[in-house]
Amino acid sequence: MGSVVGHSECYYIYDANGRKKVVDGKEYLITEEEYRRENPYHKDVGCTECSFVQDNETLFTYLVPREMKERATGDPEFVGKFTLPGYTGHFSFYVFKCPFCMKVSVSSISSVRRLWCTHCGDYYRLDPIRHRSIITRDREVSDEVLKYYTDKDKEERRRKQRSYLFGLFLVFGIVTTLFLI
Ligand SMILES: [Zn+2]
Ligand SMILES: [Zn+2]
């Protein structure tokens, strides 16, 4: 991911030749140590906003209150901010009932509005309007992007409705035909 330091643009790449730092389009080879010094693991930076947890399972088992698990619904409930091994930042984690497998899961948001279910591996897509505050909690998401997903959902609902109606007509047609012959 790129960042702007002073007036120059800087980002890192990693390829077969190793780790490189790119400043204003110029590539510099750097060691893993240098890279880690500039991009420390979040658990090492002394952040007071979050807690370090070994993995998702530990978080779910020991850090999510039982009542919270019991009342979980399709509206994700905020648990807290956590960082896991290998993370260079922290994320808000939510408890929710997965609409696919109906199990209670704890996860953080990825790709704007997806919550990954730790049980079935499916992605629960949050509603851009109903879950707006959750989607925009950790990252800035523009109104344009939210509108894009709202329209996308609408179109998907319309498509589903159409195929449902088509199925209904088909069944009706078959029944009528059978009745007539
Ligand atoms: Zn933190
Ligand atoms: Zn699931």
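Predicted model: local features only at pLDDT ≥ 70, side-chain atom pairs only at ≥ 80, totals over all residues.

User: OK. So which residue in E7 is the bridge partner of Lys 81?
Analyst: Ser 92 in E7 is the bridge partner of Lys 81. That bridge belongs to the pairing of E6, residues 77-83, with E7, residues 91-97. The two strands pair in the antiparallel sense over five bridges.

User: And in what sense do E7 and E8 pair, parallel or antiparallel?
Analyst: Antiparallel, over five bridges. E8 covers residues 104-110. Val 95 has Val 106 in E8 as its bridge partner.

User: How many residues sit between E7 and E8?
Analyst: Six, and the two strands form a hairpin. Met 102 is in the turn, with a positive phi of about 65°.

User: Back to Val 106. What does it touch?
Analyst: Leaving out residues up to four places away in sequence, Val 106 touches Asn 56, Leu 59, Phe 60, Val 64, Val 79, Phe 93, Tyr 94 and Val 95.

User: Which residues touch the most other members of the largest nonpolar core?
Analyst: Tyr 94, Val 95, Phe 96, Val 106 and Leu 115. That core has 18 residues. The largest share, four residues, comes from E7.

User: New topic. Where is Val 145?
Analyst: Val 145 is in helix H5, residues 143-180.

User: Why does it count as partly exposed?
Analyst: Because Val 145 has 15 other C-beta atoms within 10 Å. Buried takes 20 or more, and exposed means 12 or fewer. Val 145 also lies 9.0 Å from Pro 128, C-alpha to C-alpha, with the two 17 residues apart in sequence.

User: Zooming out, how many helices and strands does the chain have?
Analyst: Five helices and ten strands. The radius of gyration is 23 Å, well over the 16 Å from the globule rule for 181 residues, so the chain is more spread out than a compact globule. Its C-alpha atoms fill a box of roughly 80 × 45 × 35 Å along the principal axes.

User: What percentage of the residues count as buried?
Analyst: 15% of the 181 residues.

User: Last one: what domains does the assignment give?
Analyst: Domain 1 (3-39), domain 2 (51-135) and domain 3 (142-181). The C-alpha centres of domain 1 and domain 2 are 32 Å apart.

Technical notes. Residues numbered from 1 in each chain as written. Chains lettered and ligands numbered in written order. Pairing = 2+ DSSP bridges. Domains from an automatic or database assignment. Core = buried A, V, L, I, M, F, W, Y, C linked by C-beta atoms within 7 Å. Contact = placed C-beta atoms within 7 Å. Rg over C-alpha atoms; globule rule 2.2 N^0.38 Å.
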